[in-house]
Amino acid sequence: MSMEASELQDLSDDADYAASQQQGSASMMRSDSGKRSSPSEHEDAELIYLKDNVAIHPTQFASERISGRLKLTKQDSVLFLSWIPYKGQTSNAKLSEKDRSLYTITAVPFTEVRSIRRHTPTLGWQYVIVVLSSGLAFPPLYFYNGGVREFLAIVKQHVFLARSSEDPNVFIVNDFQSPLQRTLSSLELPSSLPVASGQSVYPLDGGSSNENQGRTSADIGNRVSSVIQSGLRKHKNHDPTRDLSIHLLEKFSLVTKFARDTTTQLFSENNGFGSVDKRWNNQPVHSYPEKLSNIAEEKHNEIRHSYSENDLLKDEEISNDIDVPADPLEFNNISLVWGKPRQPPMGHKEFTALLDSEGRVVESKALRERVFYGGIEHQLRREVWPFLLGYYAYDSTYAEREYLRSVKRMEYATLKQQWQSISPEQAKRFTKYRERKGLIDKDVVRTDRAFEYYEGDDNLHVNSMRDILLTYSFYNFDLGYCQGMSDYLSPILFVMEDESESFWCFVALMERLGPNFNRDQNGMHTQLFALSKLVELLDTPLHNYFKQNDCLNYFFCFRWILIQFKREFEYEKTMQLWEVMWTHYLSEHFHLYVCVAVLKRCRSKIMGEQMDFDTLLKFINELSGHIDLDSTVRDAEALCICAGENGAASIPPGTPPSLPLDDGTLYPQEDDVL
C-alpha cells in the first residue's frame, strides 16, 4: 500500500476503529506514580521488546494518526506493556501535546490484560486490540511496518497465552484452568441463592464462554448482588456455594481495582463527543418534602454489611464531620411542580377510552403520559406493552394487530425450526450453536426461579424462555445470546404468556437495548459517558468528587444500566419501572436520570464517608432492594425537566435505548478469519 493511499484512507468502516473511536482515550490507563511505579522508572527493568512506528488513530482518518513506540518490559517476573507517542511528531497539526499524552499507555501489567485480538489482513495495516480484565479495551495499535506475529510470539514467551476456541485471532491471557481462578480473573463472581426480587443466579463454574470474552465486565455487579441481598431471598434449602460466594465477595474489592485503575480516563474531555454547555435556566424553588423512604427493611442476618440497615439512602446523616459541598440544585427542596405524584395504574376501561372504534390509539402521547405517571394494571399489560415496545404500531387497528400476530406466529415457528432441525451429528460440527445453547441452558434454569411463575422442576415457562432465547440467537445471529438477556425476557414472557408474542416483544426491546451486549461494549460506554455528563450538569460537586477519587468512569452504575435496574427492585416494581421508561415520555434516556436521582440522594453519604471506587461499588450494590421506586421516579422526572435541552445535548446521538444510527450494520462484528 502506497503512502499516498494510506494517508487518505477513511477508517470509518473499520468495526474495531468504530468501537474504539467513542472510547478514544477513554480506556487509556492513566500514568499515576502514586499508585503504580512504571518499570521504565527503575534501572532494573528489563527491556523485552521494542517496536517503532506503532500508531493510534484518534479520528477516522489515517492521516491524523499518532505514532509512537511500543515496548514490553519485565520487572520482578511481571511483564508490562507501554506505548509512548513520539514528541513533536504528528501528521496532524490539530493534535496537541495534551491530546497525544491522553493516549499514552504507561506500564500496564499483563496481570490486568484479559485478551489480545490481532488483525492481519492480506492488504492493509496490521493491528492488535488489548482488552483489560475490566472488559474495557485500548484503541487499536496499528503496526505500520508489520510485526504483529512477532509481538505475540514475544508475549507468549513470558505469559500464558491461549488461542480462543471461538476465534483464532483472539488470544486469552492467563486463561487458568481452575474455575475459581478463571472466575476471579474475568470478574465473573458467582451468585449464591435465588431471590424474590427476580434476580438471576449464574453458575459457579460456568466461567465466561468465548462468545462473551469481550464482555466480562458486563457481569461485575450481577454476581455480587445476590450475595448482598439475602433479605429478599426465598429460602428453600441450603446452598453449598454460599460460603464460597461470601469469600469471593471479600475478594471483590481487590479485583475491582483493575476496573478502577484501567478506566480512570474513560470520559476525558477529548473523547470525541465535544463539550457540553453547562449553563441552564434557573428555575423557581419550592418545598420538596418527598424523600426516598421505606428503605430500612431488615436484612437477613446471615451476611454482614459495612453499612447499617437504616442509613443506606439517608442523605442527611453521615458518620463523620467531612464538609460535604452543597447541592447546587438544593435537591431536597427542588420544585415538584415538575415531579408529579404517582397516580393509580391505568385500567382496561381507561385504556379503551383512548382507542377509536377500530382500535387505533387516538393520541399516543396521552397514552404514554398516562402510563408514565401511573403504570398499567397487570391484566392490561399484555395489551399495552406491545405498543410501548414498538411491536404494535399506535395507529394499527384490531384487525391489523390480529393479522400481525398470525403472520408473526408463523414466522416464529419457521425461525424456531432452524435450530430444532439440527441433528446431533450436525451439532458436533456447529461450535457456535453448541456454545450458545449451553450458555442459554445454564442461564434459564437460574433466572427468577424463586418467582412462582418459574419455580419448580420441568417448568414449562422455563422451557419457553430457553426456546425463545435460542431462537433469538438464530434470528439475530450477529448478536447471539449474552448473559443478562434472560433478565429482560423473563418479565415479558410472564406478562405476554405466549411464546411467539413474547419473542417479538423481546426482539423489539433488543432493537433498542441490544447494543448493551455488543462485544465492543460501545453501547454501555456511551451510556456511562452520558451519565457522567448529566451528573456534571446537575451536580458538579459530586461529579468533581468522582473525578478526584478515580470514579469518573461511573463503572459502579454498570449493572443499573446493563439490565435496566432489574436487580435493584422486586419483580413487580421492576415491571412498573420498565413501563415508565418504555414510554419515552420525557426522554428516551430516562433511565439515566433515574441513575442521577439515586446518586444525588446518596451524595452526602458518598462524599461524607470519602468512598473510593471499591467502597462505592459495594455501597451501590447494597442499595439493591432498598430504593423507593415512586420517589425515585419523581426525583428523576424533576431532574429531567430541570436539565431540559442541556440534558438532551449531553447524550450522544444513537445512545441506547435510542434506535441505532443507520450505519449499515446494527452490531459490529469481528473480521473474517484469514
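Predicted model: local features only at pLDDT ≥ 70, side-chain atom pairs only at ≥ 80, totals over all residues.

Colleague: Why would residues a few places apart point the same way?

Modeller: An α-helix has 3.6 residues a turn, so residues three or four places apart point the same way.

Colleague: OK, new topic. At what angle do H11 and H16 pack?

Modeller: About 90°, and the axes of H11 (residues 398-420) and H16 (residues 499-513) are 9 Å apart. Angles of 65 to 115 degrees count as roughly perpendicular, so H11 is roughly perpendicular to H16.

Colleague: Which residues make that contact?

Modeller: From H11 you have Arg405, Lys408, Arg409, Glu411, Tyr412, Leu415 and Lys416. H16 brings Glu499, Ser500, Glu501, Phe503 and Trp504.

Colleague: And how many of the residues in the contact of H11 with H16 are charged?

Modeller: Seven are charged, with four nonpolar and one polar.

Colleague: Now zoom out for me. How many helices and strands does the chain have?

Modeller: There are 24 helices and nine strands. The chain has 674 residues, and buried ones make up 60% of them.

Colleague: What about its accessible surface?

Modeller: That comes to about 27200 Å² for the chain, and 49% of it belongs to carbon and sulfur atoms.

Note on methods: Residues numbered from 1 in each chain as written. Heavy atoms only, no water. Axes fitted to C-alpha atoms, helices over the stretch in contact; angles between N-to-C directions. Helix = DSSP H or I, 4+ residues; strand = E, 2+ residues; numbered from the N terminus. Parallel < 35°, antiparallel > 145°, perpendicular 65-115°, else oblique. Contact = heavy atoms within 4.5 Å. Nonpolar A, V, L, I, M, F, W, Y, C, P; charged D, E, K, R; others polar. Buried < 20%, exposed > 50% of the residue type's maximum accessible area, 1.4 Å probe, protein only. Areas by Shrake-Rupley, 256 points an atom, 1.4 Å probe, with all protein chains shown as cover.
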